[in-house]
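Please open the model in a viewer and follow the stops below in order.

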Amino acid sequence: MTTRARKNPTTASTIDRLVERFSSMSLAGFAVLVMTFLYLPILILVIFSFNDDRSLTLPLSGFTTRWYVALFSNEDLLEAIFNSFYVATVATVITLIIGVPAAIALDRIEFPGKTLFRRFVLLPIALPGVITGVSMLNLFKLMGMNLSLETVILGHATGLVSIVVTQVFARLQRMNRSVEEVSADLGAKPWQTFFLVTLPNIKTAIIGSALLSFTVSFDEIPVTFFLTGRDNTLPMYIWSTLRRGITPEINAVGTLIVLGSLVLIFISVRMLRNPGN
Amino acid sequence: MKLSTRNRLSAAGILSLPVLWTTVFLFIPYAIIFTYSFYQKQFPTFVPAFQFGNYALIFTDPQYVQVLLRTAKIALIVAACALFLAYPFTYFLVFKIKSPRVRLMLYMAVIVPLWVSYLLRAYTWKTILGSEGVLNSFLVMIGVLDQPSDIFLYNQFSMVVTLTYIFVPFMVMPIYTSMEKIPRNLIEASKDLGVGPFRTFLKVTLPLTTPGIVAGATFTYCLTFGDFIASFLVGGPDGLMVANVITSQFGAALNWPLGSALAIIMLIVVLTIISLSDRVERSGRLDLA
């Protein structure tokens, strides 16, 4: 190889530079196409939520906000939104109550069956939601429980614990242990060390993963599909309206959801990115 | 390390709730579907039994074999399409964009849609590809088509487009991580040795990003394998997936043992693929050392 380079260094590098430039340009073009593929559908969703026509066809017919106005007088929809907030909030609280201790246990306690425990806790992240949904449906039926928003909450919490566990565990692993040792050496009780030293260090990971859990729960379908009773969550409401056909009202809900998720994501990313402080 | 009684107690306190929860809501439910998968259907419900009839039916009845094969095929195509889109895109991001800020912003731009409603992202393709949809009306408007066509929606094509769209971020993420980890001086060294850009890519970049490709392919394949929403919205009869059949066994068809057996098969497929890819990734890491 060295001989080749020595033999004809200028032509080789000129050709290489041309190849590089050509590949850079085509890659840039390709990247633009990928971004278009990712964002055009979302843009279409938003545009048609303001289009003054029942059908979702081009050309656009005019600007309107009536689909949004219609949303706020749609009782079923408002109830579904309320239900989703209820489910996502309670499910998130449970995931924290279960997930944070689970992450702490995985990080610093040795106990028999730890590997098995870790596998099971993380399983819902790997397995399709349909399996979590079906298996929990079986459990609830066997226990003679009626399906309701509460069974949905249990399903979501079980599925989402793994999000909290992975995020908090990762933060604990990165944490500087000597701070805790100093705290203990200075005479702090273990619970004092936990609340005054450990918790502040993993706080942002907890908040970030809570926001992620909330967003995922708010949007969840496969588990909800099997575990919900008569009450609908927002995605299940949209799902059932979709069966009756497409309307611009759904685009309006969609636009609001996109907006809401963007805000939540922005906050949670900031939380997960800046450790400490 | 020996734990004092006090430490033992606090350890038990921390552990008890997570372990209890995992047992009741994960271990027992999985055990139940595993048990049910050997039960026998008997109108109107089912009776306890230990027989392999459900599994035998799934692997002999062409109807179920076909659904399994179709699901595997669509998942494979989706993984391939996602790779085709994600790899060059991520390569551009990591190696061609000089500003770390711009790079991070573009990366986030790919990840963000993941958190925008899954259902809506599938739904929007229904509105785009439908015979009265955006694409058709656009093609008619510019004169490519005389009248709207129904070839875009309710087939495997629309399934692949929608699922690729939904899951492509899962391909970008691991590839991005693996490319970012490549030391820049390795590529420079290859160039200094007079190796052309193409060969440098084949000999250095590609092997070092294989773990990322494998991880991404695993994500997209497994996610597609378990999906039933895209099929419901844009699939049509030709796009029926295993998860759809499971749903109907627990719904209208009311055959819980068969549904459980299908769920167990899905679980085995997914876990097998995950552990296989884990092994490939690990051996890839060994190559590096």
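How many residues of chain A are in contact with chain B, and how many of chain B with chain A? Select both chains: 71 residues of chain A are in contact with 68 residues of chain B, where contact requires that the C-beta atoms of two residues, placed from the backbone, lie within 7 Å. Next, select helix H2 (residues 9-49) of chain A, which gives the most to the side of chain A that touches chain B, namely 18 residues. Helices (H or I, at least four residues) are DSSP runs, numbered from the N terminus. Coloured by residue class, that side of chain A divides into 55 nonpolar, 12 polar and four charged residues; Ala, Val, Leu, Ile, Met, Phe, Trp, Tyr, Cys and Pro count as nonpolar, Asp, Glu, Lys and Arg as charged, and the others, Gly among them, as polar.

This is a predicted model: local features need pLDDT of at least 70, side-chain atom pairs count only at pLDDT 80 or more, and totals for chains, interfaces and linings use all residues. Residues are numbered from 1 along each chain as its sequence is written, while chains are lettered from A and ligands numbered from 1 in the order in which they are written.

Now select A:Leu160, on which a kink of about 35° in H7(A) is centred; the bend is the angle between axes fitted to the seven residues ending there and the seven starting there.

Finally, select A:Glu249, in helix H12 (residues 248-273) of chain A. Beyond its neighbours within four places in sequence, A:Glu249 is in contact with A:Trp67, A:Ala70 and A:Leu71. The C-alpha atoms of A:Glu249 and A:Leu40, 209 residues apart along the chain, are separated by 19 Å.

How values were computed:
Helix = DSSP H or I, 4+ residues; strand = E, 2+ residues; numbered from the N terminus.
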